[in-house]
Protein chains: 2
Amino acid sequence: MQKIRETKETEAKERILGLQASVFPGSSRVYAECGAAGRVPLRSIHLSGGEKDVLVYDTSGPYGDPDYQIDIVSGLPKRRGPGPEDSGFSRRAPSGFYAETLRTGQSPAVTAIAEGPDDGSATQLSRARKGVITDEMRFAAKRESLGGDSVTPEFVRSEVASLRAIIPANINHRELEPMVIGRNFFVKVNSNIGSSSIGSSPAEEVEKLIWSLRWGADTVMDLSTGPAIPYTRECIIRNSPVPIGTVPVYEALERAGGIAEKLSWELFREVLIEQCEQGVDYFTIHAGLLLELIPFAAKRVTGIVSRGGSIMAKWMTSHHKENFAYEHFDDICRICSRFDVSLSLGDGLRPGCLADANDRAQFGELEVLGKLASRAAEFGVQVMIEGPGHVPLNKVAENMQKELDLCHEAPFYTLGPVVTDIAPGYDHFVSGIGASMIGMLGCAMLCYVTPKEHLALPEKDDVRQGLIAYKIAAHVADVAKGSKLAMERDDAMGRARFDFRWNDQFNLSIDPYTSRSFYEAGKGGDGCSDSRHFCSMCGPKFCSIRLSREIKEQFESGE
Amino acid sequence: MQKIRETKETEAKERILGLQASVFPGSSRVYAECGAAGRVPLRSIHLSGGEKDVLVYDTSGPYGDPDYQIDIVSGLPKRRGPGPEDSGFSRRAPSGFYAETLRTGQSPAVTAIAEGPDDGSATQLSRARKGVITDEMRFAAKRESLGGDSVTPEFVRSEVASLRAIIPANINHRELEPMVIGRNFFVKVNSNIGSSSIGSSPAEEVEKLIWSLRWGADTVMDLSTGPAIPYTRECIIRNSPVPIGTVPVYEALERAGGIAEKLSWELFREVLIEQCEQGVDYFTIHAGLLLELIPFAAKRVTGIVSRGGSIMAKWMTSHHKENFAYEHFDDICRICSRFDVSLSLGDGLRPGCLADANDRAQFGELEVLGKLASRAAEFGVQVMIEGPGHVPLNKVAENMQKELDLCHEAPFYTLGPVVTDIAPGYDHFVSGIGASMIGMLGCAMLCYVTPKEHLALPEKDDVRQGLIAYKIAAHVADVAKGSKLAMERDDAMGRARFDFRWNDQFNLSIDPYTSRSFYEAGKGGDGCSDSRHFCSMCGPKFCSIRLSREIKEQFESGE
């Protein structure tokens, strides 16, 4: 099997190099200068017909720059320092487990990691509260403005200070291009990658990472399970310009031999520290799943479907003890604050089918998460709240409202919601419906779902399909929230349609390859030689736009 | 080219015969007896684990019965009479154009057509108002009850009488299995088929029809343009167990040599009569697009994007005359009432991009449609109202509310709405988001959109993808509206997941083939021999459901 893995690994490395040359057609990479905060990458879509370029948010990092040479062994250039040493940062050698990973894993050489002061005073949240505008805030503001000035750094600061937004940016993730998550900014999309015990290799996961970025992932979670977790993660972080999230209990469970009962706070703490040193930007921690809530979940149709949640619950019920992540929540905050790792408070009791939605187990946990969010803020730790799961469309709004009310408007980060259970194979679409709705209502980040959800580990094309569905959902939500910057692309598409500028239509598309190929295939149909002013859907005589242009000309000529 | 067409025709006929054997896996056709109204077809999904079968609404007609032998030349058996002759129906030979089509077209032999009384007293609406419960109402009630009695025939009658629902059922469409469209019933889905001048043959269109029914189309619109319209339509109607809708102005334009200026009321009238005789169940008529509204549309980004709307507007602006369908609306109603053809009042001014949504042109036309709906009811003609189009998600609710307010709660029948313009190639999904939302809010029927929308004429797999997306949207809406019958399938899926009954999960899926193939592909991954109690997404150690079952067992054993 090792042989197969190595072959896959080599093939994946080759495919990664192949991604270099393929910037989206009709587009080019541009940069908006942002002073000491660095250059903000954007994609500029070039249009014909005298139209000015449309700028779009670009998550692809250096990989979207044709001048950059990919080198996944060395990783991306380090574009951020950990902060001025006089503000309390110190440098030291990586500790136990992480040092071991670096020694054995053929990883890019990391010789020193940074650690912030014990009092949490160096986190984005602590600085925002003190009125400090950081480089990360400046950078994120410029990105949200698409290179302009519509979103000010001061606004980003105030949103972070009020807990309504977070900037997940571990001081040791120096390859990061900072971004902000909050409901008064563009709706963000997270992509999940990661090997399971029965599939995939580190290079394949880096390939999924770069592939995810290309299709618009704003953050990526490494959900690897299996034996090679730390090394896979090292490869991912060193090659990632976007925040990386993890669920640390997966690695803890792996170290406990896969037996939930053998977990302990000490083991969990070790994993947290190692991941902090490595540069993970946010942790999903299932600290709100309390012993008293488990009986409500045990009565459900599908019980506990969160992987992390079920692991914690198994530990709790086996030991008859309270959740160790809840009991040690202050300790967790102290660790995170030193590295400015954000917490994504996990919804271990999210419903796994429509029948279980909005029940006592789910909302009971949400209430606990709200309290933990306040507590984390006291340590200067940034927080977002994870949300469901399977929820019928009519119950989505209640989820959003309760989150705002119970969790002090902390950014909501939802999986879907999946609005019907009966369409496995199409859950990217099913959950995209729920995601559009909750995004419009104020959800800050949407965790993508692929077509393979509930069925199998997603492969590369599943990642693409999941991201396309979710970029659509996020954009639908941005437009519905009244974002003028988002709407410019729709408006440009409308004009391109009315002018029969087909190439512009393809280039403005979320997936320019698919739109063009569908059009070209239709054009090849029976006996159609000139497709310039119609498509095969209606044919020339029935083209409404052609007729409509004639009517418009009649009006404009005063006829 | 004729040669190519004939080959395609033959291949299509062979594929149609191939559809016979393929009932969905794990399912069988069952019938609910409904007295003189006939047997109501349902699909019964068989489950294991001691679970009872789940019954689902079945649109596939005789094609879903393995005992039925497909014969597209003879067409389906005639299961309805045109009504008792003493209630004013008369029989006569088909008139001019239709007779010609029958003579030349190798069509199934139709020797006599029926015509109802001049006073419209025989339509479903007129009879409903008189308190008569028709066989069509009984049949539809049994379907809506999935073979039970939760929806009574009297309820269907009262909904039709109140104009909140329609039963599109031309007395000459004797192959029809009646169904009801209204917001207090299951949300319905329409599939568009039809050749354009640059593609397709009649047998291919019959194939798309049967394919549409298999994937759940509740009604089918034949949007054929090009030379063979009447013959293609004859093949479709004689082989269709679901209501067939058309846009008669397409055929009128074809007869006018494709030149909108050459249209006339007389020509349009001839087309209507022929289609009534043939058995078309509902007509989209763009009678609400008035001359005074065109200037508002001329100012738009994308003008008029409705094909029928642009044809009418072109005629109006060329002749400086009011819309002939508006001027002759009473005449149209008199024709329709004799055959019980329903009217689908077309939204010729639906917006073609987000920027044009909810504007004065659109809502001005909707107001006219509301007045026409009242007028049609005076003639006993059933009416639904067509809706947009391109609308941002935050403006969808206003569309639904205005329709209810202005159009006396007549069933709303919407295209999408398409909630962003930037995803050509994915408009089935984009519009499925809007469709789910408006369906939840009360839209009665959703007109599907395929992945090829805006790009090319859809082919067979596009039809399937469009229908799957829309069956999902309709089901999401049904569940969100609180339908217990719809929710039973979701609940069964939840239980099947918790029990690891994989086959049941596949069989309960909207697309059992895709869900199974995704699972099987994952199962074949590295070294996974027993996939019974997990899937490749999480692997055995991280399977939340396995852990959750253990927790549940602990609780149940009182541990």
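**Close-up views of a predicted two-chain model**

**View 1. Strands E9 and E10 of chain B lie side by side in parallel.** Strand E9 (residues 219-222) and strand E10 (residues 244-246) of chain B are joined by three bridges and run parallel; two strands count as paired if DSSP finds at least two bridges between them, and strands (E, at least two residues) and helices (H or I, at least four) are DSSP runs, numbered from the N terminus. Within this pair, B:Val220 stands opposite B:Ile244 of E10(B). This is a predicted model, in which local features need pLDDT of at least 70 and side-chain atom pairs count only at pLDDT 80 or more, while totals for chains, interfaces and linings use all residues. Residues are numbered from 1 along each chain as its sequence is written, chains are lettered from A and ligands numbered from 1 in the order in which they are written, and side-chain values use heavy atoms, with hydrogens and water left out.

**View 2. Eight strands of chain B close into a barrel.** The strands follow the order E8-E9-E10-E11-E12-E13-E14-E15, with parallel pairing. On average, neighbouring strands of this sheet are turned by 25° against each other, direction ignored; axes are lines fitted to C-alpha atoms, for helices over the stretch in contact, and angles run from 0 to 180 degrees between N-to-C directions. Helix H17 (residues 460-480) of chain B lies across strands E8 (188-193) and E15 (445-447), running at about 165° to E8(B).

**View 3. Helix H15 (residues 396-406) of chain A has several buried residues.** A:Val396, A:Asn399, A:Met400, A:Glu403 and A:Leu404 are buried, a word that means under 20% relative accessible area, with exposed meaning over 50% and partly exposed in between (1.4 Å probe, protein chains only). Because they cover an arc of only 125° around the axis, they are on the same side of H15(A); the arc is that of the directions from the helix axis to the C-beta atoms. Their cover includes helix H14 (360-378), strand E13 (383-387), strand E14 (412-415) and helix H16 (427-441) of chain A, where contact means heavy atoms within 4.5 Å. Just after H15(A), A:His408 takes a positive phi of about 55°.

**View 4. B:Cys235 is in no disulfide.** The cysteine sulfur nearest to that of B:Cys235 belongs to B:Cys276 and is 19 Å away. B:Cys235 is buried, with a relative accessible area of 11%.

Technical notes. A disulfide is a pair of cysteine sulfur atoms within 2.5 Å.
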